Amino acid sequence: MSIAIYPGTFDPITYGHIDVAKRASKAFDTLIVVAMNNSMKRDGLFNMEERIELLKKTFEGFDNIRIDSHSGLLVDYLKKTDIHVVVRGLRAVSDFEYEMQMAAANKALLPSLDTFFLMTDTQYSFISSTLVKEIAFHGENIDRWVPPYVKKRIKEKIDLIKKDL
Ligand code: COA
């Protein structure tokens, strides 16, 4: 049985991530979407519990997509679960260098690991969670990039932030 993980920060999940996860779930028997922390990124909008809640809601109808979380190195999660395949989405050439570095570093730490890349749908190739949050902060509509329940949660968070400003 083929099994792969799709790791990311998912702060929060966007249609770009959903597109990659859905397509990967067709290529593998089971896909585990794993919310992780990027230690270079501080002060996310959503904590791990909230990110997981949004991921679970997003994929509740998908029988072969599971949700998990992990703090620490990606390879430690793979060793712990005995999984050897990682899926990543590539948005643009600018992603390539970072992704290649990460895939190579992960492989150096765990030689049995293979990273599979999927091209993100072009309509989402320029967005990121940060960009969507920024656009929402300034009051523009983000319907094109996130599901309604994600938009609602972003708005709640932004309202709280604005109240403190
Ligand atoms: N469509 C739209 N946006 C996408 C996307 C897609 N298909 N794929 C990624 N993005 C965006 C994300 O929203 C994110 O935006 P942000 O920077 O504004 O938050 C950005 O692209 C980066 O994507 P993400 O997949 O979340 O990667 P990341 O750089 O935040 O972290 C981890 C990736 C969590 C997998 C990585 O940091 C990790 O493995 N951490 C664990 C520690 C570890 O092992 N580190 C060593 C690795 S060698």
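1. A search of the whole structure, which is a predicted model, finds five aromatic pairs, where the rings of Phe, Tyr and Trp (its six-membered ring) pair if their centres lie within 6.5 Å, and planes under 30 degrees apart count as stacked, over 60 as edge-to-face and the rest as tilted. One of them joins Tyr 6 and Phe 10 in an edge-to-face arrangement, with 5.4 Å centre to centre and 75° between the planes. Both Tyr 6 and Phe 10 are buried, where buried means under 20% relative accessible area, exposed over 50% and partly exposed in between (1.4 Å probe, protein chains only).

2. Some notes on how to read the values belong here. Residues are numbered from 1 along each chain as its sequence is written, and side-chain values use heavy atoms, with hydrogens and water left out. In this predicted model local features need pLDDT of at least 70 and side-chain atom pairs count only at pLDDT 80 or more, while totals for chains, interfaces and linings use all residues.

3. Phe 28 and Phe 116 also form an edge-to-face pair, at 5.6 Å centre to centre and with 80° between the planes. This pair links distant parts of the chain, since Phe 28 lies in the loop between α1 and β2 (30–35) and Phe 116 in strand β5 (residues 114–119), 88 residues apart; helices (H or I, at least four residues) and strands (E, at least two) are DSSP runs, numbered from the N terminus. Phe 28 counts as buried at 12% relative accessibility, whereas Phe 116 is partly exposed, with a relative accessible area of 42%.

4. Lys 57 lies over the face of Tyr 149, at 5.1 Å from the ring centre, and Lys 162 lies over the face of Phe 137, at 4.8 Å from the ring centre.

5. Side chains of opposite charge can pair when their charged atoms come close. The structure holds twelve salt bridges, each being a side-chain nitrogen of Lys or Arg within 4 Å of a carboxyl oxygen of Asp or Glu. Among them, Asp 95 pairs with Arg 91, the closest N and O atoms being 2.9 Å apart; Asp 95 counts as buried at 9% relative accessibility, while Arg 91 is partly exposed at 32%.

6. In helix α6, Lys 152 and Glu 156 meet in a salt bridge of 3.3 Å, N to O, and because they are four residues apart in this helix, about one helical turn separates them. Lys 152 counts as exposed at 53% relative accessibility, and Glu 156 as partly exposed at 34%. Both belong to a network of salt bridges that links Glu 50, Glu 53, Lys 152, Arg 153, Glu 156 and Lys 157.

7. The second largest pocket has a lining that includes Phe 137 and Lys 162. On a 1 Å grid over the protein atoms alone, a pocket is an open set of points where a 1.4 Å probe fits, with protein on both sides within 12 Å along at least five of seven lines, and lining residues have an atom within 4 Å of a point. The largest share of this lining, six residues, comes from α6.

Notes: Lys NZ or Arg CZ within 6 Å of the ring centre and 35° of its normal.
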